[in-house]
Amino acid sequence: MCLSFTPHTFSSDEIAVFEPEDIFEMEVATDPQVSPDGESVIYVRRSNDIMTDSTRSSIWAVSIKGEDHRPLISSSKNANSPRWSPSGDRIAYLSNKEGSTQLYVRWMDTGQTALLTNVNTTPSSVTWAPDGKSIAFTMSVDADEQPFKAAMPSKPEGAKWAESFQYITKARYQADGTGVLDPAYTHIFVVPADGGTPRQLSSGDYHHRGQLSWSGDSQHIFFSANRSDNWEYEPAESDIFSVSLDGEIQQITNAPGAETSPTVSPNGKLIAYSKRDNKKLAYRNRYLHVMNIDGSNDTNLSESVDNSLSNFVWKNNSGIYYQQMVRGVTQIDYVSLSGKHSEVTSGLGGVSLGRPYTSGDFSYANDTFAFTKGRHDRPADIFVRQGRKEMQVTALNEDIFGHKTLADIREFTYKSSIDGEEIHGWYLLPPGYDASKTYPMIIEIHGGPHLAYGPHFSAELQRMAAEGYVVFYNNHRGSTGYGERFALLLQYKYSSKYDFADHMSGVDALIDKGIVDPDQLFITGGSAGGIATAYAIGLTNRFKAAVVAKPVINWLSKVLTADSGLSQIPHQFPGMPWEHVEHYWERSPLSLVGNVTTPTLLITGTEDKRTPMSETEQYYQALKLLKVDTVLVKVPGASHGIASRPSRLVGKIENIIGWFDKYREAETSKE
């Protein structure tokens, strides 16, 4: 005998679950910074504002014992990027409290603040000199690059003419979230820590972005850049340079590939940095190298680690702490200068609120670690570790989640049907899960594809589970954190029958477990996950409905209209699209659209430059011509990150659930 009941079984009258309005109340801790004496932590606290539909950032402090938790800079404006002075008596930070974002310094004993800059564009990469007298930062500087002269008559006084023409000369002329790029280059600046005029140190028509690191004597700044005249066409190339306070630039490395993130040792004798080779492949490991300050005696300290390493922090002058992501979870490790590795702690994450992407960062000073760590049912808080003792020092979301039942999580592995490759995944069980019943299932596919999910908080997936769905996600082949071989299993194969098999094998494994109703399957994903979703419904009609978010539908058009073609063409494809038409077409979901019968919702931001709206519109028109039930949802003003504002995140989630509910039938109990 089968028992049936209607959707939305777990109402708020029976059990308190995660509701759409909870998204406006969520908070997350990011960017922890340990004080030089190791006794306290400052961090950025991000909160959603329901009245302005925005995310506000403020700077808070807490002792390593979890005491004296209080705001340092908090208002209706934003404050972020706090950085301790070497002596710990001040912090530098960025804020837009007077309009545009500027650099400030706060004295910790009195709370007095000083405005250090009054610049036209936003500073970034704020870094104190070791002597505490100067602060370096990077900033975009406009350039005059009109390619030729056009003789225009003078405009009469008071006349209203059309806007001036735009002149585009660069190969990469647009960026998602920005639009058409004005001619400008990022340069390095320095400003006195007690106030003064910022001074530009770097020069030339090149970008000097990313992490900055001072020499021990506070006279040079180390950075990474591609200062080749061919830099536009070399997205995977960069070297380490130094610039003196007089503006003299010296090149330190010149190996093929990308050398980035220089970090000078406390004694000023060594540089730790990240190194990635220049092979034309979609994924390469980033290794931790150490060299003398002049570039000599270069050594790969992580040759034995099959993974990408980042966030290098010196322990005195004897070794380096770093972080890596392993099987969906970020951890802190240590390596001595002799190359001996050991794990410090694991579980970092929880900073990505929408979907369960891996994330997290840490800070270290005076034998104290501070890091961001969450759970599958909580966004990131601040944790502190000294020796073997670990302590949670903030609890930002207990006010909204402490009295609610969120979805539980299960981890599992299974074999892909196509070749037996092991695939790692997780699934969420609806609050109030009843093992005697089977449930409708949503598979949610991550983007990238060279990214990864983990057992982390996700507003999207928690909301789906709260509505009575089992929610399945995995790290299919191509995902990171499983070694270079696994990440490259999708080289020239995305999307394809291979990643499709990884997904479907997981679906079948959950059906075999008796958890999922095989007649109640739904599929969704965004970006690369949107590609995989559109590809999947071209290969199977097992799904009752699909939601394809910000996809690539036609690779032939995408790489020539999006902001990422310069990087994607040489690394993800065997050659130019006009030289390999059949290959590009085979990778395109549009090549399979004639097979599609699955009702499909499409959702994309109108200002998306990464997967342009034209991709979504091609698929919408094709499905309409085929008379497939299809709806196109355009998100006004949104770029590729369509969930960048709280209401947009709510809207994305509720549109997905609403579409699936339209095709969802009553669940059944097991016979």
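User: What is a pocket, and how much space lies in the second largest pocket?

Analyst: On a 1 Å grid over the protein atoms alone, a pocket is an open set of points with protein on both sides within 12 Å along at least five of seven lines. Grid points are joined across faces, edges and corners, and a volume is the space filled by probe spheres set on the points. In this predicted model, the second largest pocket holds about 1,600 Å³ of space. Its lining consists of 46 residues, and those closest to its centre are Gln33, Thr127, Thr263, Phe312 and Val313. A lining residue is one that has an atom within 4 Å of a point.

The model is a predicted one, in which local features need pLDDT of at least 70 and side-chain atom pairs count only at pLDDT 80 or more, while totals for chains, interfaces and linings use all residues. Residues are numbered from 1 along each chain as its sequence is written, and side-chain values use heavy atoms, with hydrogens and water left out.

User: Which elements give two or more residues to the lining of the second largest pocket?

Analyst: Elements are DSSP runs numbered from the N terminus: helices (H or I) have at least four residues and strands (E) at least two. The elements that give two or more residues to this lining are strands S2 (27–34), S6 (79–84), S10 (124–128), S16 (213–214), S20 (258–264), S24 (309–315) and S28 (362–365). The largest share, seven residues, comes from S24.

User: How do the residues of this lining divide by class?

Analyst: Ala, Val, Leu, Ile, Met, Phe, Trp, Tyr, Cys and Pro count as nonpolar, Asp, Glu, Lys and Arg as charged, and the others, Gly among them, as polar. The lining of the second largest pocket has 21 nonpolar, 19 polar and six charged residues.

User: What is a cavity, and how many of 30 Å³ or more does the structure hold?

Analyst: A cavity is a set of grid points where a 1.4 Å probe fits but cannot get out. The structure holds two cavities of 30 Å³ or more. The largest cavity has a volume of about 90 Å³, and its lining includes Ala282, Pro449, Tyr494 and Arg587. By class, this lining has six nonpolar, three polar and two charged residues. The second largest cavity contains about 30 Å³ of space. Among the residues that line the second largest cavity are Pro356, His376, Leu461 and Tyr473; the lining has six nonpolar, four polar and no charged residues.

User: Where are cis peptide bonds found?

Analyst: One joins Gly448 and Pro449, with omega about 5°. Pro449 is in the loop between strand S34 (437–445) and helix H2 (459–466), and Pro449 also lines the largest cavity. Another cis peptide bond joins Tyr494 and Ser495, with omega about -5°. Ser495 belongs to the loop between helix H3 (484–487) and helix H4 (497–512).

User: Which residues have a positive phi although they are not glycines, and are they buried or exposed?

Analyst: Buried means under 20% relative accessible area, exposed over 50%, and partly exposed in between (1.4 Å probe, protein chains only). Asp31, in strand S2, has a positive phi of about 50°. Asp31 is buried, with a relative accessible area of 16%. Ser125, in strand S10, has a positive phi of about 55°. Ser125 counts as partly exposed, at 24% relative accessibility.

User: What does Thr604 touch?

Analyst: Contact means heavy atoms within 4.5 Å. Thr604 lies in strand S38 (residues 600–605) and is buried, at 0% relative accessibility. Not counting residues up to four places away in sequence, Thr604 touches Lys550, Pro551, Thr611, Met613, Thr616, Val633, Lys634, Val635 and Ile642.

User: At what angle do H2 and H10 pack?

Analyst: Axes are lines fitted to C-alpha atoms, for helices over the stretch in contact, and angles run from 0 to 180 degrees between N-to-C directions. H2 and helix H10 (residues 646–663) pack at about 35°, with axes 10 Å apart. In this contact, Ala459, Glu460, Arg463 and Met464 of H2 meet Leu649, Lys652, Ile653, Glu654, Ile656 and Ile657 of H10. The contact has six nonpolar, no polar and four charged residues.
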